[in-house]
Amino acid sequence: MVSVPRLVIAAPASNSGKTTVATGLMAAFAARGLAVSPHKVGPDYIDPGYHSLATGRPGRNLDAYMCGPELVAPLFAHGAAGCDLAVVEGVMGLYDGASGQGELASTAQVAKLLKAPVVLVVDASSQSRSVAALVHGFASWDPEVRIGGVILNKVASDRHEALLRDALDESGLPVLGVIRRAPQVATPSRHLGLVPVAERQGDAVDAVRAMGERVRAGCDLDALMALARTAPALPDEPWAPAYAPAEGPRPVVAVAGGAAFTFAYAEHAELLTAAGAEVVVFDPLRDEKLPAGTAGLVIGGGFPEVYAPELSANEPLRRAVTELALSGAPVAAECAGLLYLARELDGKPMCGVLDAEARMSERLTLGYRQAVAVSDSPLAAAGTRMRGHEFHRTVLEPGAGPVPAWGMHQPERRVEGYVQRGVHASYLHTHWAASPEVARRFVEHCRAR
């Protein structure tokens, strides 16, 4: 049994203030000396960076589409082990999930899987008495979803607050917090959402501090903690990346990091380590060499389009990556990694491992995908089925090589990505916790070199 007090922070719609409130709550409780476990519903990589800054712990994702509903509670228990409180930030509106698939991957589904009370964050900026009807509708829509209270966000004045409280008195749900309009807690955005923590450094620290102060001033932290403690114990065993690797030296797996490559799930490094690898993070913006003894390379997602000139200028590292890939070493590249391996990005020379050119586009590609590995690679055996997520405003031409990485089955049938020598490169983001054999296979190929 796993017993951790927990709250799910949800909202009627996107842009209601979930990230500000969730991050602020994490920071406020952490400031009280509590060990706070941060979680995010869905595939988003950016919000967990702010969560990690607020709590000092890895931000972890809970995605019922990519990992399956059966792994949500075990992954939660793994991340929250030993903590005093867990705060789970929802995605989109409370009942929004994978397109056309009912409640799958919604905040509501995750709340039910975690048996966690929900705190509804309502953007009250353009309403007064109507807030009661809105809250009543969300609270009564699914009787298995337990909404334990409301936090009113973007409240204009004392008068506005009084009108909202009077209306909600009839709903039976307590008001657990009132947060006034506050520009200083805003965080800058661009084409894929918030600007990642790694790119803002001191500004991000200031933003998280402001969120914590605003939430601490406007919310009843004692009442929220009492609500969190009403969550019952979970019967699920925690997920674990444990695996007995072959005896012998631990191959070095270099993992791209830094401001240009910020998209990574914490479980990936844990799985690589458990499979016997020595994981070493490097920064393609600053490091001119790969880590000593690199036997394999993982380049995840991020914003290479923002840093194309700097990445291009680091010619020594580009040459090192190209030489490693041409040697047949295992290379796993997702989205940003795919672009970095291309011949050029927005006219700037990249590594040239792939005979393809990338450029920014006005069109946003976004959504869950079902995929099957087209051929054998160090990452996946042919026929391996995985679920993933695409999220980019770039175009790669051609989008698939002579040997594609994946055959897509949702929303349309197509092939995508590149498999050549030891390289597996694709736009598809995957969560290896759902298929731990991927990490084991990758490390075994590294060890075999």
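Mentor: A disulfide is a covalent bond between the sulfur atoms of two cysteines. Here a disulfide is counted as a pair of cysteine sulfur atoms within 2.5 Å. This is a predicted model, where local features need pLDDT of at least 70 and side-chain atom pairs count only at pLDDT 80 or more, while totals for chains, interfaces and linings use all residues. Residues are numbered from 1 along each chain as its sequence is written, and side-chain values use heavy atoms, with hydrogens and water left out.

Trainee: How many disulfides does the structure hold?

Mentor: The structure holds zero disulfides. The cysteine sulfur closest to that of Cys335 belongs to Cys351 and is 15 Å away, too far for a bond.

Trainee: Is Cys335 buried or exposed?

Mentor: Buried means under 20% relative accessible area, exposed over 50%, and partly exposed in between, using a 1.4 Å probe and protein chains only. Cys335 has 6% relative accessibility, so this residue counts as buried. Cys351 is buried too, at 8%.

Trainee: How do the axes of α1 and α2 cross?

Mentor: Helices (H or I, at least four residues) and strands (E, at least two) are DSSP runs, numbered from the N terminus. Axes are lines fitted to C-alpha atoms, for helices over the stretch in contact, with angles from 0 to 180 degrees between N-to-C directions. The axes of α1 (residues 18-31) and α2 (residues 46-55) come within 8 Å and cross at roughly 20°. Angles under 35 degrees count as roughly parallel, over 145 as roughly antiparallel, 65 to 115 as roughly perpendicular and the rest as oblique. The two helices α1 and α2 are therefore roughly parallel to each other.

Trainee: Which residues make the contact?

Mentor: Contact means heavy atoms within 4.5 Å. On the α1 side are Thr19, Thr23, Met26, Ala27 and Ala30, and on the α2 side Asp47, Tyr50, His51, Ala54 and Thr55.

Trainee: How many residues of α2 are buried?

Mentor: Seven of the 10 are, so α2 is largely enclosed by the rest of the structure. Among them are Ile46, Pro48 and Tyr50. Gly56 follows α2 and has a positive phi, near 75°.

Trainee: Which residues of α4 are buried?

Mentor: They are Thr107, Ala108, Gln109, Val110, Ala111 and Leu114. Six of the eight residues of α4 (residues 107-114) are buried, so this helix is also largely enclosed by the rest of the structure. Its buried residues are covered by elements including β1 (6-10), α3 (69-80) and β5 (118-123). Lys115 follows α4, with a positive phi near 50°.
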